[in-house]
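This briefing looks at the salt bridges of one predicted model. Please keep the sequence and the structure in view while reading.

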Amino acid sequence: MLVLAGPLILAPSPADGPGDPAVAARQASMKEMAAAVKAIAEMFDGRRAYAPEAFKVAADTLSARAGPALIAEFPARSLGAPSGAKPEIDQARPEFEALASHIGRLAEALAAKAENAPPAITRDMRMGAMLPMDGGSLLGKRPNAAEENPTKMPAEHLLHLILQDCSSCHSKFRQKVE
């Protein structure tokens, strides 16, 4: 069962208004990404009917919004209050960009799988019981296992890794705004 780990959007605060177009655009993009992730997750969970075209649209949305597009949505002038993006993004820009780029590679692989999505969810789209989320194994964690070749991973596993990266990025670079 796929469980969404925490909120996936930078929620607007009363202080965020139409005054900062970069923040407003970023929030709209995050909402689109969150809706796409939710749609795919619900298809794999059986809470939403699987539809190959809807899977493709959602996967394409993630792919279009991640990687370089995601990095571009966080210019220095839009960080810190009233935005939920921490100013620390600039101090750790290489780490932030690496996370955004990794999400992009995973989302591209997911979109490629969705391009030829079958009429029903197949076993090879599912995350197998022996496929760990963090690259671990009985012999121990394999560093960068998820980076080896995401195109060979099942679609459900790619979604889990995207969620894992989103959660990691939010925990490091997102602040609550009141």
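The count comes to ten salt bridges, where a salt bridge is a side-chain nitrogen of Lys or Arg within 4 Å of a carboxyl oxygen of Asp or Glu. The model is predicted, with local features needing pLDDT of at least 70 and side-chain atom pairs counting only at pLDDT 80 or more, while totals for chains, interfaces and linings use all residues. Residues are numbered from 1 along each chain as its sequence is written, and side-chain values use heavy atoms, with hydrogens and water left out.

- Glu95 pairs with Lys172 in a salt bridge whose closest N and O atoms are 2.8 Å apart.
- Because Glu95 belongs to helix H5 (residues 93-115) and Lys172 to helix H6 (residues 155-173), the pair ties together parts that are 77 residues apart in sequence; helices here are DSSP runs (H or I, at least four residues), numbered from the N terminus.
- Glu95 is partly exposed, at a relative accessible area of 36%, and Lys172 is also partly exposed, at 38%, where buried means under 20% relative accessible area, exposed over 50%, and partly exposed in between (1.4 Å probe, protein chains only).

- Within helix H1 (residues 21-45), Lys38 and Glu42 lie four residues apart, about one turn of the helix, and the closest N and O atoms of their salt bridge are 4.0 Å apart.
- Lys38 is partly exposed, at 41%, whereas Glu42 counts as buried, at 12% relative accessibility.
- Asp45 and Arg47 meet through their side chains in a salt bridge of 2.8 Å, N to O, and Arg47 counts as exposed at 53% relative accessibility.

Notes:
Helices (H or I, at least four residues) and strands (E, at least two) are DSSP runs, numbered from the N terminus.
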